[in-house]
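Please consult the sequence and the structure shown below while reading.

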Amino acid sequence: MDTRSERLWVGIDVGKGHHWAVAINAAGEAVFSRKISGESEILSLIATACETADEVRWAVDLRGKTATLLLVLLAAHDQQITYVPGRSVSRAAEGYRGEGKTDAKDALIIADMARVRRDFSTITIPPERVCKLRLLTANRRDLIADRVRLINRMRDLLCGISPALESAFDYARSKGAVVMLTHYQTPTALRRTGVKRLTTGLQHRKIRSPQKIAEKAVEAANQQHTVLPGETRAAALLAELAHQLLTLDERIAANDREIPESFRADDRADIIESLPGMGPILGAEFIAIAGDLSSYRDAGRLAAHAGLAPVPRDSGRRTGNLHRPKRYDRRLRWVFYLSAQSAMMYPGPSRDFYLRKRAEGLRHVQAILALARRRVDVLWAMLRDHRPYTLTPAPVPADG
């Protein structure tokens with residue numbers, strides 16, 4: 001007797017150590033349930049599912065690094081993969097019998113939601129250049145976060161040594177001040193060194209405006225002659241953090257040199273960079289998030305993903321109540337917001353639009369967001385038509 005099904009939905013609860021897969025038929029009945037881990041077991045699962053049904057639909061609750069091997073193997077076998085967000089799975093679990101939570105139950109819910117609902121997005125494996133940009137941009141964000149933490153720790157230690165020296169420089173922007181802290185951290189050491197020797201030392205390190213930095217540091221040191229508790233140990237820790245910050249800046253600079261090279265290898269780079277405010281860093285972030293735009297039906301979907309399309313919150317007689325969505329990609333919103341803010345600073349259509357919105361009574365952030373929403377439409381049209389940005393509108397083709 002042939003037990004082959006016409007259609008099968010396989011839900012996979014993705015985990016770090018192992019995955020759990022549950023297959024259901026069109027009636028929602030479980031066909032098989034198994035734990036899988038490693039390439040061989042995933043390939044065996046794919047073979048079993050394809051032998052069991054004429055058409056197989058796959059659904060997963062994660063699409064990050066943990067699921068990479070699984071997704072690549074499914075894509076290599078031309079399988080359709082649906083992404084069911086973990087938030088949706090958690091909410092749907094309340095409608096299933098029992099309060100217990102197991103990997104098998106979660107996988108069953110994932111498969112059942114993919115069977116019933118048709119509004120979930122499909123997962124496609126991005127090309128190599130997009131994967132590389134995702135890694136580079138993610139690494140850049142991590143390095144910037146580490147840099148912020150280092151600077152905050154340095155400023156905290158400086159407050160325990162010399163509050164005047166802590167407030168004298170912007171250590172996030174002044175490389176010369178950080179270089180100075182690798183050798184001199186206390187008011188006593190700075191006074192003993194003096195402006196002339198400090199200037200000479202900074203000159204040897206090729207620091208810009210060394211005398212100005214030296215004068216400012218010695219002036220701050222002269223405001224305090226009291227040695228604070230723990231100063232010696234704090235100074236040693238501060239010197240170590242300053243060295244770490246300089247090394248981290250070199251890593252950020254190397255990463256930032258690689259991003260434009262990888263970004264401009266994409267065929268769309270020239271089009272994206274032609275839009276005012278979109279440089280190689282923001283352009284790389286955009287491609288890393290949006291990919292080839294196949295996941296977006298139109299510009300409105302792209303704007304919604306960036307949180308730039310308001311959603312209604314109507315109830316009863318209250319209609320037309322729009323608000324910012326809660327679920328959107330913060331990084332994509334950041335890309336369009338920063339590019340709009342940069343374009344607004346120079347004469348042109350973006351600045352004219354911003355000033356018009358300000359004249360209508362919108363606050364600065366509201367006007368920038370309105371401009372960002374408009375620029376989503378512009379960038380979408382540019383990529384759709386493969387046409388760089390120009391102030392001259394595209395010609396309308398003649399009828400006939």
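The lining of the largest cavity is formed by Pro187, Thr188, Arg191, Gln224, His225, Thr226, Val227 and Glu231. The model is predicted, and the values given here are computed from it.

**Cavity**

- The structure contains one cavity of 30 Å³ or more.
- The space within the largest cavity amounts to about 30 Å³.
- Helix α8, which spans residues 187–204, gives the most to this lining, with three residues.
- Sorted by class, the lining of the largest cavity comprises four polar, two nonpolar and two charged residues.

**Pairing of helices α12 and α14**

- Helix α12 covers residues 280–290 and helix α14 covers residues 330–344; their axes come within 10 Å and cross at roughly 150 degrees.
- Because angles over 145 degrees count as roughly antiparallel, this crossing makes α12 roughly antiparallel to α14.
- The crossing in which α12 passes α14 is left-handed.

**Residues in the helix contact**

- On the α12 side, the contact is made by Leu282, Glu285, Phe286 and Ile289.
- On the α14 side, the contributing residues are Arg331, Leu332, Trp334, Val335, Phe336, Leu338 and Ser339.
- By class, the contact of α12 with α14 has eight nonpolar residues, together with two charged residues and one polar residue.

Definitions and conventions: Residues numbered from 1 in each chain as written. Predicted model: local features only at pLDDT ≥ 70, side-chain atom pairs only at ≥ 80, totals over all residues. Heavy atoms only, no water. Axes fitted to C-alpha atoms, helices over the stretch in contact; angles between N-to-C directions. Helix = DSSP H or I, 4+ residues; strand = E, 2+ residues; numbered from the N terminus. Parallel < 35°, antiparallel > 145°, perpendicular 65-115°, else oblique. Left-handed = near helix turned anticlockwise from the far one by under 90°. Contact = heavy atoms within 4.5 Å. Nonpolar A, V, L, I, M, F, W, Y, C, P; charged D, E, K, R; others polar. 1 Å grid on protein atoms, 1.4 Å probe; cavity = no way out; pocket = protein on both sides within 12 Å on 5 of 7 lines; lining within 4 Å. Points joined across faces, edges and corners; volume = space filled by probe spheres on them.
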